[in-house]
Amino acid sequence: MKYIEIERPGGPEVLKIRDAEIPAVGANDVLIQVKAAGVNRPDILQRQGKYPMPEGVTQIPGLEVAGVVVAVGESVTAFRPGDEVCALTDGGGYAEYCAVAASQTLPVPPGLTFIEAAAIPETFFTVWANLFEMGRLSPGESVLIHGGASGIGTTAIMLSRALGMKVFTTVGQDSKAEALSPWATVINYKTQDFAAEIARLTDGEGVDVILDIVGAPYFNQNLSALRRDGRLVIIGFMGGRIVESFDVQALMLKRATVTGSTMRGRTAREKGAIAQALQKHVWPLLAQGKCKPLIYASYPMADIASAHRSLDTGNHLGKVVIEMA
């Protein structure tokens, strides 16, 4: 098979197409002939040498795929060759074939293309686990989603709107604000103080939950924007990890909960449980045409460098996908 190698830490030019043997299929795995693979921020960090794969895990990047099952492990009963599936991988998605735990594999939702299906697993697993399980976001509540134009952001917006939440989001360009306005109340963080805007828009009450990918620079403003008993869920630190000045009293007065997680650190059992929750609660919505992923662009495997550049620039709105076949 052909796969994409990170030749060395660096820019998109370090991504090279190489040849390798098709992966072996473990007893609990499915082997997928990959038709499309999603491109995500952790892939960018891995390419830059800032987010290495754990020891013992394939060094091939790619955390989500869609394609056709071509073989199953001896213990797998849920899938068989010929099934069209999408899956959250533990790496290895940038390849023509990928072995994935069957527990992290789901059928392609009815009516979705392979490109659309490949844009689902990484962001939907992440958003469901953090926003709805850890953040306990419930219908009728309000949520502020930072980085609204990102893959995570657009997924969180669409899913929250489909499940009955009042959605606010931040972006850095007026064109993105306009594009997202049918689904959320959009704040341009470059021209507006988002905490002050949330106070104005909620009559001073704040929002129930905040999903943050920025990290340290937003921490104090996030606390200010929370409603009493609100929940701050941190899933990224693009702006930095260390909060230089933090007033503990502000946290206490809000009775706020601060939490966060990464998907890579979760066990196979945990990822399998998230997959089951998605199939129960989200797959019916996708089948109805709701909360479909927004696709910004798709590129052939040979043009993987352009796919990464589109994320590097920050101009994308939604997901970027590479097509293997």
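The briefing below covers the sheet and then the cysteines.

This is a predicted model, in which local features need pLDDT of at least 70 and side-chain atom pairs count only at pLDDT 80 or more, while totals for chains, interfaces and linings use all residues. Residues are numbered from 1 along each chain as its sequence is written, and side-chain values use heavy atoms, with hydrogens and water left out.

**Sheet**

- An open sheet is built from six strands in the order E10-E9-E8-E11-E12-E13, with parallel pairing; strands (E, at least two residues) and helices (H or I, at least four) are DSSP runs numbered from the N terminus, and two strands pair if DSSP finds at least two bridges between them.
- Because strand E10 (185-188) and strand E13 (257-260) each have a single partner strand, they stand at the edges, and one side of each lacks a neighbour in the sheet.
- Neighbouring strands of this sheet are turned against each other by 20 degrees on average, direction ignored.
- Helix H6 (residues 194-201) packs on the sheet and touches strand E8 (142-145), strand E9 (166-171), E10 and E11, where contact means heavy atoms within 4.5 Å.
- Strand E11 (residues 207-212) and strand E12 (residues 226-234) run parallel and are joined by five bridges; Asp 212 has Ile 234 in E12 as its bridge partner.

**Cysteines**

- A search of the whole structure finds zero disulfides, a disulfide being a pair of cysteine sulfur atoms within 2.5 Å.
- The closest cysteine sulfur to that of Cys 98 is in Cys 86, at 13 Å, which is too far for a bond.
- The sulfur of Cys 291 also has its closest cysteine sulfur in Cys 86, at 12 Å, too far for a bond.
- Cys 98 counts as buried at 2% relative accessibility, and Cys 291 counts as buried at 7%, where buried means under 20% relative accessible area (1.4 Å probe, protein chains only).

Terms used
Axes are lines fitted to C-alpha atoms, for helices over the stretch in contact, and angles run from 0 to 180 degrees between N-to-C directions. Buried means under 20% relative accessible area, exposed over 50%, partly exposed in between (1.4 Å probe, protein chains only).
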